[in-house]
Amino acid sequence: MIEGEAWRRWVYFRIPLALFLIFLLFPFYWMVITTFRPDGELYRPWRAVNYTPFWTWNPTLDHIKYLFSETMFATWMWNTMFIALASTVISLFCGVLAGYALSRLNFPFAGSLGTGIFITYLVPQTLLFIPLSEIIRNYKLGDTPWSLILTYPTFLIPFCTWLMMGYFKAVPKELEECARIDGASRWQAMLYIIIPVAVPGILSAGIFAFTLSWNEFIYALVFLSSPEQKTVPVGVVSELIRGDVFFWGPLMAGALLGSIPVAIAYSFFVEHYVSGLTGSVKG
Amino acid sequence: MATVSIREVHKHYDDFHAVKGVSLEIKDHEFVVLVGPSGCGKTTTLRMVAGLETITEGRVLIGDTVVNELPPMDRDIAMVFQNYALYPHMSVYDNMAFGLKMRKFDKAEIKRRVDNAADILGIKDHLHRKPRQLSGGQRQRVALGRAIVRNPQVFLFDEPLSNLDAKLRVQMRVELKKLHQRLGTTAIYVTHDQVEAMTLGDRVVVMKDGLIQQVGEPLDLYNTPANKYVAGFIGSPAMNFADVIIAQNGSGLVAANNAIKIGVPEHLTAPLGAHVGMPATFGIRPEDLRIADGSEPSTQTFEAVVEVAEQLGSEILLDVSCGPNSMVASVDPTVRVKPGEKIRLAFNPKRAHFFDGTTEAAVRG
């Protein structure tokens with residue numbers, strides 16, 4: 001907090017913060033306002049006298065209704081949820097175990113293995129989808145949720161592993177040593193002591209993994225083709241942009257509804273997730 | 001309860017030789033303190049007894065069992081860590097019960113033992129709290145409680161008091177001593193604080209550079225240090241040293257440098273006879289120095305210049321310089337001296353120490 005006279009607080013803290021908030025929240029606001037704006041207002045030329053880009057006097061639910069009646073939006077939501085949850089669970093499981101092993105067990109090449117895992121995270125998905133699509137085709141997984149549930153961990157596991165490695169390193173070694181003297185095996189010490197202590201880290205890794213798979217676009221675009229298999233990001237784009245015609249109302253409604261689960265997940269765990277990122281373990 | 005034998009134990013970390021052949025026999029019920037500066041190998045030695053470090057060479061026995069290959073859980077020991085290592089997600093009760101649960105004690109027995117330990121340590125009102133809601137001293141008590149509920153054969157303490165503030169440290173030191181008198185469990189205690197070592201230990205082990213310098217009862221270490229290192233480490237303020245050359249003087253010996261010339265006390269004349277013409281170190285504790293009143297023979301006094309006088313109430317610590325050496329003398333509180341004043345200090349010849357100039361071993365009569 002900035003100390004001193006009131007004007008200093010305004011100039012150095014409140015006004016910059018407000019500008020920053022406007023900058024961050026404006027796209028979201030635009031999405032909301034477009035969702036509830038009737039088509040007549042949406043496509044009104046900007047020179048028109050009654051042009052009101054930032055507000056509407058005639059809010060409507062038409063675009064949302066359109067989304068649920070004319071497209072398979074509900075199915076896409078369900079697909080996305082299922083795929084994101086399943087790939088998050090798989091990635092968390094692997095990431096927690098790998099992160100623990102790399103940070104706590106002294107085995108040869110642990111350091112270079114950790115770096116190796118990180119490097120795989122750096123390979124761009126826009127390159128990786130080419131060989132992966134070959135694999136998906138060979139295993140006949142194309143156009144099923146499994147094509148995504150099994151490929152998302154390729155970038156989620158390295159991500160979770162690295163986040164958990166950092167977190168486990170911040171957990172005092174003595175906790176585990178004490179548990180082992182108290183009579184716990186290495187496995188029990190991990191299960192009863194280290195993992196419960198690392199819950200904030202696990203939650204933040206989980207939320208990130210969930211968000212990454214929820215928003216993922218390119219694999220979903222390539223591996224899924226039939227409308228009933230699609231996820232929200234791909235479904236909205238492919239079904240609501242026809243040629244060069246953009247159905248802005250339903251598009252924004254889809255984006256708004258699609259962002260709600262992620263927003264809920266964040267707001268629920270925000271405290272855990274902040275302490276997970278700052279890596280604080282209070283003894 | 002059991003004996004602990006550490007026999008010719010070594011520890012190598014890659015190319016660092018941390019513990020270089022430590023041997024120590026710890027008797028049943030004994031409280032042994034390992035003391036030394038950081039990096040002297042004391043904590044590594046303790047961790048090898050605990051089973052948290054592998055033993056490169058040598059053997060550790062608890063009772064009659066060689067425990068080198070036993071995992072920590074099977075050694076029947078309890079350890080208290082410097083940072084307490086309380087499980088932050090568990091209540092105080094669960095922290096203390098964890099070891100018993102892992103060993104499959106029944107619920108009633110766990111409750112009985114935890115309540116009993118909480119009673120002894122005065123933390124009965126905090127059993128339902130989480131560690132973060134406790135003060136430093138209370139956390140330390142929980143860590144102790146977690147150790148005593150298991151009723152292990154050996155307690156291991158790794159600098160348990162160094163995270164507490166000075167006042168609490170003194171208080172907990174007394175409580176630890178009482179606890180040991182009450183339970184009588186064999187204990188190994190690691191600290192870098194020589195006051196803790198002297199006050200707590202039945203025997204004290206002074207370590208340096210991975211080697212034991214001396215093992216003995218606290219007053220033995222204080223009165224008859226084995227070498228210059230132990231002499232300087234034990235005692236506060238530390239022993240004063242002056243590098244001297246031993247020379248023949250009639251039938252006796254003198255120890256001299258360019259600022260002092262003192263007679264070697266009679267009981268040390270014979271053993272120091274072999275050192276004539278060679279360098280040695282003269283050592284004298286601050287409380288064995290006093291301001292000369294003229295009654296002493298001149299061979300037991302030397303001249304010094306007062307630099308600072310520290311009034312402590314019960315005594316005055318005089319920081320003096322005599323030639324190249326700085327010394328501290330603990331003198332009577334009624335003495336009045338000013339900085340810069342020249343004084344004559346007398347030493348108690350029976351309490352003078354001499355150390356070999358090359359090996360630094362004590363020369364004894």
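Let's start with two helices. In chain B, helix α3 (residues 107-121) packs against helix α4 (residues 136-148) at an angle of about 140°, and their axes are 9 Å apart. That angle makes α3(B) oblique to α4(B). Here, angles under 35 degrees count as roughly parallel, over 145 as roughly antiparallel, 65 to 115 as roughly perpendicular, and the rest as oblique. The axes are lines fitted to C-alpha atoms, for helices over the stretch in contact, and angles run from 0 to 180 degrees between N-to-C directions. α3(B) passes α4(B) in a right-handed crossing.

Which residues make the contact of α3(B) and α4(B)? From α3(B) come B:Ala117, B:Ala118 and B:Leu121, and from α4(B) come B:Arg141, B:Leu144, B:Gly145 and B:Ile148. Two residues are in contact if their C-beta atoms, placed from the backbone, lie within 7 Å. These contact residues divide into five nonpolar, one polar and one charged. Nonpolar covers Ala, Val, Leu, Ile, Met, Phe, Trp, Tyr, Cys and Pro; charged covers Asp, Glu, Lys and Arg; the others, Gly among them, are polar.

A word on what you are looking at. This is a predicted model, where local features need pLDDT of at least 70, side-chain atom pairs count only at pLDDT 80 or more, and totals for chains, interfaces and linings use all residues. Residues are numbered from 1 along each chain as its sequence is written, with chains lettered from A and ligands numbered from 1 in the order in which they are written.

Now the whole of chain B. It has nine helices and 21 strands. Those are DSSP runs, numbered from the N terminus: helices are H or I with at least four residues, strands are E with at least two. The C-alpha trace of chain B spans about 80 × 45 × 35 Å along its principal axes. Of its 365 residues, 40% count as buried. Buried means that 20 or more other C-beta atoms, placed from the backbone, lie within 10 Å of the residue's own; 12 or fewer is exposed, and in between is partly exposed.

Back to the helices, and to α2(B). Eight of its eleven residues are buried, so α2(B) is largely enclosed by the rest of the structure. Among the buried ones are B:Tyr93, B:Met96 and B:Phe98. What do they pack against? The buried residues of α2(B) pack against α3 and α4 of chain B, our opening pair. Just after α2(B), B:Lys104 takes a positive phi of about 60°.

α2(B) also turns up where the chains meet. There, 21 residues of chain B are in contact with 17 residues of chain A. On the chain B side, β6 (77-80) and α2 (92-102) are the elements that give two or more residues. That side divides into 16 nonpolar, three polar and two charged.

Next, the sheets. One open sheet of chain B has six strands, in the order β6-β7-β8-β3-β9-β10, with mixed pairing. Strands pair if DSSP finds at least two bridges between them. β6 and β10 (211-216) of chain B stand at the edges with a single partner strand each, so one side of each has no neighbour in the sheet. Neighbouring strands are turned by 15° against each other on average, direction ignored. Inside this sheet, β3 (residues 31-35) and β8 (residues 186-191) of chain B pair in the parallel sense over five bridges. B:Leu34 has B:Val190 as its bridge partner in β8(B).

Is B:Leu46 buried or exposed? B:Leu46 counts as buried, because it has 20 C-beta neighbours inside 10 Å. Beyond its neighbours within four places in sequence, B:Leu46 contacts B:Leu34, B:Leu156, B:Asp158, B:Ile188 and B:Val190.

Further along, β16 (residues 301-311) and β19 (residues 342-347) of chain B pair in the antiparallel sense over five bridges. B:Phe302 stands opposite B:Leu345 there. β16(B) also runs antiparallel to β17 (residues 316-322) of chain B, joined by six bridges. Their hairpin has four residues between the strands, and B:Gly313 takes a positive phi near 90°.

Last stop, chain A. Helices α9 (residues 173-181) and α10 (residues 186-197) of chain A have axes that come within 9 Å and cross at roughly 140°. So α9(A) is oblique to α10(A).

How values were computed:
Left-handed = near helix turned anticlockwise from the far one by under 90°.
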